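Subject: A structure for you to explore

Hello! Here is the structure I promised you, and my notes on what I found follow just below it. Take your time and keep the view open while you read.

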Amino acid sequence: MTGTPGLREGRPLAECAGVTKTFGQLTAVDHVDLQVQPGEIVGLLGANGAGKTTLLRILLGLLPASAGRVALFGEPPSRGTRRRIGYLPQGLGLYDDLTAAENLQFSAAVFGRAVSGCAVSGGAVSGGAGTGGADVLALPAGYAATPVGRLPLGLQRRVAFAQALAHQPDLLILDEPTSGVDPLGRARLWETIADAAGGGAGVLVTTHYMEEAAECARLVIMADGRVVAEGTVPEIIGDARVTVVQAPSWASAFGALEESGIPVSLAGRALRVPGAPPEVVRRALERGQAAGTVRDTAAGGTAAGIIAAGDPGTRVFAAPATLEERFFQLTLPASQAGVSR
Amino acid sequence: MTGPSHGIGTGPGLDHGPGGWGGTEVSVRYDQGMALDHVSFRANAGQVTAVVGGDGAGKTTLLRVLAGALAPGSGVVHRPGARQTGYLPAGSGIYPDLTVAENLAFRAAGYGLSAAVARERTAEYLDRAGLAEARDRLAGQLSGGMRQKLGVIAAMLPQPELLVLDEPTTGVDPVSRSGLWWLIARAAAAGSAVVLATSYLDEAERAAWVLALEGGRELAAGTPDEIVAAVPGTLRLVTARPGGDAGRRAWRRGGRWRVWEGPGPSGSGVSPGNTASHPGQHSGPDEVITPDLQDAVTIAVLARELEMAGGTA
């Protein structure tokens with residue numbers, strides 16, 4: 001993006017080696033290794049409390065690491081490295097009382113860096129240097145004088161993107177950038193992110209949305225402060241399997257598995273069990289039948305009937321896990337009963 | 001269903017069988033414009049219905065109407081009485097200054113549950129949702145995922161005929177999300193008609209029926225399979241962003257590009273060597289693909305965008 005010496009010689013833009021952060025007795029980040037190379041999009045996934053936010057704060061230079069080595073652009077985090085980072089926080093980080101252009105101009109002044117093309121013209125705001133000159137943001141006419149707080153949420157998000165990109169950062173740190181966005185809007189935001197990476201910026205992005213993880217070249221999954229998996233989506237899923245139950249009455253099967261304390265999720269009229277193999281699930285269903293487990297419906301009293309693994313209509317089989325289910329399996333030991341947290 | 005129906009009645013065009021709730025041609029106007037524009041929907045007992053769309057699509061307005069929190073400007077709504085309606089409003093609707101247990105006791109009293117029933121259900125739900133140890137913590141100190149689970153549990157307490165959940169999983173981590181889906185499945189298994197709003201299409205794929213909204217209007221409705229089957233035209237997978245007119249009908253997904261060609265007679269942008277023309281046919285590794293629900297909704301948004309821009313889809 002900027003041609004800064006050293007950036008294109010294989011040195012990571014961001015690097016954590018054995019980074020640990022403790023707060024009193026609590027180890028929030030536990031020996032984490034992480035690298036973001038120029039042009040690379042790295043997805044950081046984890047449950048709440050997994051240590052993602054603490055790690056981002058360390059990279060932003062807001063928190064010192066308790067142990068380990070952190071390098072940004074080859075040097076320790078500082079005010080200087082902060083200026084080369086574009087940061088999009090979860091709350092978007094905009095000033096509600098300022099217009100889009102005023103937000104961008106204020107941010108540019110704070111970063112002390114020339115922002116090319118940040119201007120208002122005919123209701124359109126350009127802040128697109130970060131995407132190789134293309135406009136990041138074209139506000140519909142009539143919004144130029146509107147305070148950001150009164151823009152529709154989708155537009156606010158685009159202003160925040162423009163602000164994060166406007167100073168041509170070498171490293172983008174995006175914290176759940178597309179939460180609440182419709183699929184086409186999400187695809188468009190990812191075009192912006194991919195364009196920035198195409199221009200040489202490194203991107204570190206957190207998301208709770210597994211579909212979005214497929215946009216990343218590499219994923220890092222954290223649980224309880226540690227990295228529990230790393231790689232592409234297929235590498236992380238590997239040959240992980242879940243158990244699928246198709247029963248004439250999914251509600252009864254659900255009741256039987258619930259009695260056994262097995263975490264179950266519903267997919268249409270089928271049940272998916274990420275934490276137990278088919279034989280365990282079959283036994284649980286048979287126990288449910290033996291005990292006469294029938295989930296009475298609260299509302300209508302339409303007893304759903306007895307089901308079991310032996311029921312001719314019931315199928316219990318293994319199927320490839322989704323990324324979300326694999327994630328669940330990876331974090332299961334850390335989260336005890338599975339449905340806790 | 002046995003509870004008294006406080007519905008305003010049933011309208012034409014929507015069959016409310018036993019245990020079915022919903023609305024017909026519902027419209028709501030705010031100062032800024034139509035928040036809901038003649039939207040029809042239904043929710044069946046023992047099923048999960050998903051309402052999908054981005055910010056401002058009309059999801060919250062629709063759910064408020066269904067929960068009885070907002071009267072529609074026009075149209076017919078059919079819903080059970082207030083004590084048979086569980087509602088998780090946007091933002092979880094819990095009191096941050098009360099403990100977890102106090103929040104639930106307060107809500108149980110509002111639903112008119114006896115103390116014994118309230119105690120039993122509270123203990124069971126908290127235990128199964130992994131919140132038992134948090135029962136004496138202030139709700140305002142819970143993580144986002146725990147707070148959402150508490151909100152869902154509070155709405156489930158009366159074992160309502162209709163359970164309305166406004167974005168229970170938005171911004172929630174995957175582990176809490178699976179806990180929330182366990183609660184949702186639990187409620188449906190017990191016979192509730194569950195209606196939930198979400199912006200996650202993979203979540204909507206788990207629902208028995210889906211309503212996609214955009215700008216207050218219905219974009220698509222049906223079972224996930226029906227919505228996918230109704231996609232017009234052809235969807236192609238390409239490795240690079242196409243230029244020209246095709247670029248307007250392209251979007252990025254999973255690191256590659258999808259290009260939608262509408263059902264128009266010219267079939268602009270079709271590569272001459274490819275003869276496959278129906279969704280559902282595979283003609284090669286980077287050619288025509290079968291859309292999934294996310295593709296189907298994306299195409300519906302795109303088609304409307306192109307229509308509004310005056311382009312031919």
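First, a definition: a residue is buried if 20 or more other C-beta atoms lie within 10 Å of its own, exposed if 12 or fewer, and partly exposed in between, with C-beta atoms placed from the backbone. By that rule, buried residues make up 49% of the 341 residues in chain A, and 53% of the 313 residues of chain B.

Some housekeeping. This is a predicted model, where local features need pLDDT of at least 70 and side-chain atom pairs count only at pLDDT 80 or more, while totals for chains, interfaces and linings use all residues. Residues are numbered from 1 along each chain as its sequence is written, and chains are lettered from A and ligands numbered from 1 in the order in which they are written.

**The two chains**

Helices (H or I, at least four residues) and strands (E, at least two) are DSSP runs, numbered from the N terminus. Chain A has ten helices and 15 strands; chain B has nine helices and twelve strands.

I call two residues in contact if their C-beta atoms, placed from the backbone, lie within 7 Å. In chain A, 68% of the contacts between residues at least 6 apart in sequence join residues at least 24 apart. For chain B, residues 24 or more positions apart account for 69% of the contacts with a separation of 6 or more.

**Where the chains meet**

How many residues of chain A are in contact with chain B? There are 47, and they are in contact with 52 residues of chain B. Helix α5 (183-198) of chain A is one of the elements that give two or more residues to this side, and α5(A) gives the most, with seven residues. By class, the side of chain A that touches chain B has 24 nonpolar, 15 polar and eight charged residues. Here Ala, Val, Leu, Ile, Met, Phe, Trp, Tyr, Cys and Pro count as nonpolar, Asp, Glu, Lys and Arg as charged, and the others, Gly among them, as polar.

**The core**

A nonpolar core is a set of buried Ala, Val, Leu, Ile, Met, Phe, Trp, Tyr and Cys residues joined through C-beta atoms within 7 Å. The largest one has 180 residues, and those with the most contacts inside it include V203(A), I153(B) and V164(B). Helix α5 (residues 174-189) of chain B brings the largest share of this core, ten residues. If you click on V203(A), look for the residues it touches, among them I41(A), V42(A) and L172(A), once residues up to four places away in sequence are set aside.

I153(B) is also one of the buried residues of helix α4(B). This helix (residues 144-156) has 13 residues and reaches 18 Å from its first C-alpha to its last, close to the 18 Å expected at 1.5 Å a residue; the expected span is 1.5 Å times one less than the number of residues. Why is α4(B) largely enclosed by the rest of the structure? Twelve of its 13 residues are buried, so the rest of the structure largely encloses it. What covers those buried residues includes β5 (85-88), α2 (100-110) and α5 of chain B.

**Paired strands in chain A**

Two strands pair if DSSP finds at least two bridges between them. Strand β12 (residues 241-246) of chain A pairs with β15 (residues 315-320) of chain A in the antiparallel sense over six bridges. Four bridges also join β12(A) to β14 (residues 270-273) of chain A, again antiparallel.

E176(A) has a positive phi of about 50° although it is not a glycine, and lies in the loop between β8 (171-175) and α5 of chain A. D224(A) also has a positive phi of about 50° without being a glycine; its place is in the loop between β10 (218-223) and β11 (226-231) of chain A. D224(A) counts as partly exposed because it has 17 C-beta neighbours inside 10 Å.

In chain B, D37(B) is found in strand β2 (residues 33-44). Leaving aside its neighbours within four places in sequence, D37(B) is in contact with S27(B), G216(B) and R217(B).

Happy exploring!
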